[in-house]
Amino acid sequence: MTLKKIQDLATLVFAGFVATSPAPAASAGDYPWLSDAPAREIESALPPPSGFDRVPAAADSFAGWLRHLPLAPVDRAVVLHDGRPLVDQSIIAAVVDIDTGTSDLQQCADAVMRLRAEFLYSRGLLGAIGFDLVNSERYPFSAYSRGTTPRQNGAEISLASEKPRGAGHADLRRYLDLLFGFASTQSLARELQPVASLDEAGIGDVFIRPGQPGHAMIIADMAANMATGKRLVLLAQGSMPARGIYLLNNTGHPDLGAWFEIADGQPLITPGYEFRPDELRRF
């Protein structure tokens, strides 16, 4: 990172943390899948290491929404869609308090799409909810509500017309489960925009490697050291078979807890996956 970029980052962090007060915790309506108040949230449960401060994030932004994601109690294990606990819990820093469903659908790219769709729904931006299918055709929530349904027809995907549905949160969940069967890391990577360098990474950006299987994880929070310009991120992911969404532990650098350093030109090394800098994308 150049001296100018370090100075610019220092100015940004200083302005965000000295000139303004912390953003208020999100309201229950921001996370409409919850029936009860969450036990805790990312911001309060996962403080950055000494010397780092969280970067500014507007409360009504996707970044602010992710920063306040509700977390399950500390003793909650990650479980698979069929109720079995994940064998290796050592990589889990915290479990997001969000349902998985009972089918093997909400995997890695699906978890990213789930979070993005839930944010847009919580802001009343129903018309903006939509993702590409593996055949590159856009499938918006509004089309689902009108009764449009993708169908597998051999190697092709066709769209069938059925009776109209609603646009409530239960309808959103059914739409997403349907979508997950016709989308993938390949389709999500194709529709997201490349981020030029890790110097420009932000909360809500997605590290994604298309493939069969590929993998995807989302930057759920970010902190910076004003003096050095170093930046750390929290990473949330799902995986296969479908399981709860969780924050990763940095098992390679236990002194950082759940935080991972990102630096331009350097790979991101996480438990089980190593991403190249050019594998970062943005909604």
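Predicted model: local features only at pLDDT ≥ 70, side-chain atom pairs only at ≥ 80, totals over all residues.
Reader: Why is helix H4 called largely enclosed?

Author: Buried means under 20% relative accessible area. In H4, 15 of the 15 residues are buried, so the helix is largely enclosed by the rest of the structure.

Reader: How do you know that the length of H4 agrees with its number of residues?

Author: H4 covers residues 108-122, and at 1.5 Å a residue its 15 residues should span 21 Å. The C-alpha atoms at its ends are 22 Å apart, which agrees. Just after H4, Gly124 has a positive phi of about 75 degrees.

Reader: What makes the contact between Glu118 and Arg114 a salt bridge?

Author: The cut-off is 4 Å between a side-chain nitrogen of Lys or Arg and a carboxyl oxygen of Asp or Glu. Here the N to O distance is 2.8 Å, so the pair qualifies. Glu118 and Arg114 are four residues apart in H4, and therefore separated by about one helical turn. Residues three or four places apart in an α-helix point the same way, because there are 3.6 residues a turn. Both Glu118 and Arg114 are buried.

Reader: What makes Arg165 and Glu162 a salt bridge, and are these residues buried or partly exposed?

Author: Their side chains meet at 2.9 Å, N to O, and the limit is 4 Å. Arg165 has a relative accessible area of 22% and is therefore partly exposed. Glu162, at 33%, also counts as partly exposed. Elsewhere, salt bridges that share partners join Asp99, Arg114, Glu118, Arg173 and Asp177 into one network.

Reader: How many salt bridges does this rule give?

Author: The count comes to 18. One of them is formed by Asp221 and Arg54, whose closest N and O atoms are 2.5 Å apart. This pair links distant parts of the chain: Asp221 lies in strand S11 (residues 215-224) and Arg54 in strand S2 (residues 53-54), 167 residues apart.

Reader: Why are Asp221 and Arg54 called buried?

Author: The threshold is under 20% relative accessible area. Asp221 has 0%, so it is buried. Arg54 has 7%, so it is buried as well.

Reader: How do you know that S11 is mostly covered?

Author: Ten of the ten residues of S11 are buried.

Reader: Which strands does S11 pair with, and what makes these pairings?

Author: At least two bridges between two strands are needed for a pairing. S2 and S11 have two, in the antiparallel sense, and Asp53 stands opposite Ala224 there. Strand S10 (residues 206-209) pairs antiparallel with S11 over four bridges, with Arg209 opposite His215. Strand S12 (residues 231-237) runs antiparallel to S11 and is joined to it by six bridges. Asp221 has Leu234 as its bridge partner in S12.

Reader: How many residues lie between the strands in the hairpins of S11?

Author: The hairpin of S10 and S11 has five residues between the strands. The hairpin of S11 and S12 has six, and Gly229 in that hairpin takes a positive phi near 80 degrees.

Reader: Which residues touch the most other members of the largest nonpolar core?

Author: They are Tyr175, Leu179, Phe207 and Leu247, in a core of 83 residues. H4 supplies the largest share of this core, nine residues. Apart from neighbours within four places in sequence, Leu247 is in contact with residues including Ile42, Leu71, Val96, Ala220 and Leu234.

Reader: Why is Ser184 called buried, and where is its place?

Author: Ser184 has a relative accessible area of 18%, and the cut-off is under 20%, so Ser184 counts as buried. Its place is in the loop between helix H6 (169-180) and helix H7 (185-191). The side chain of Ser184 reaches the backbone nitrogen of Gln186 at 3.1 Å. Not counting residues up to four places away in sequence, Ser184 touches Ala109 and Val134.

Definitions and conventions
Residues numbered from 1 in each chain as written. Heavy atoms only, no water. Expected span 1.5 Å × (residues − 1). Buried < 20%, exposed > 50% of the residue type's maximum accessible area, 1.4 Å probe, protein only. Core = buried A, V, L, I, M, F, W, Y, C linked by side-chain atoms within 4.5 Å. Contact = heavy atoms within 4.5 Å. Polar contact = N/O pair within 3.5 Å; in protein donor to acceptor, adjacent residues only side chain to side chain.
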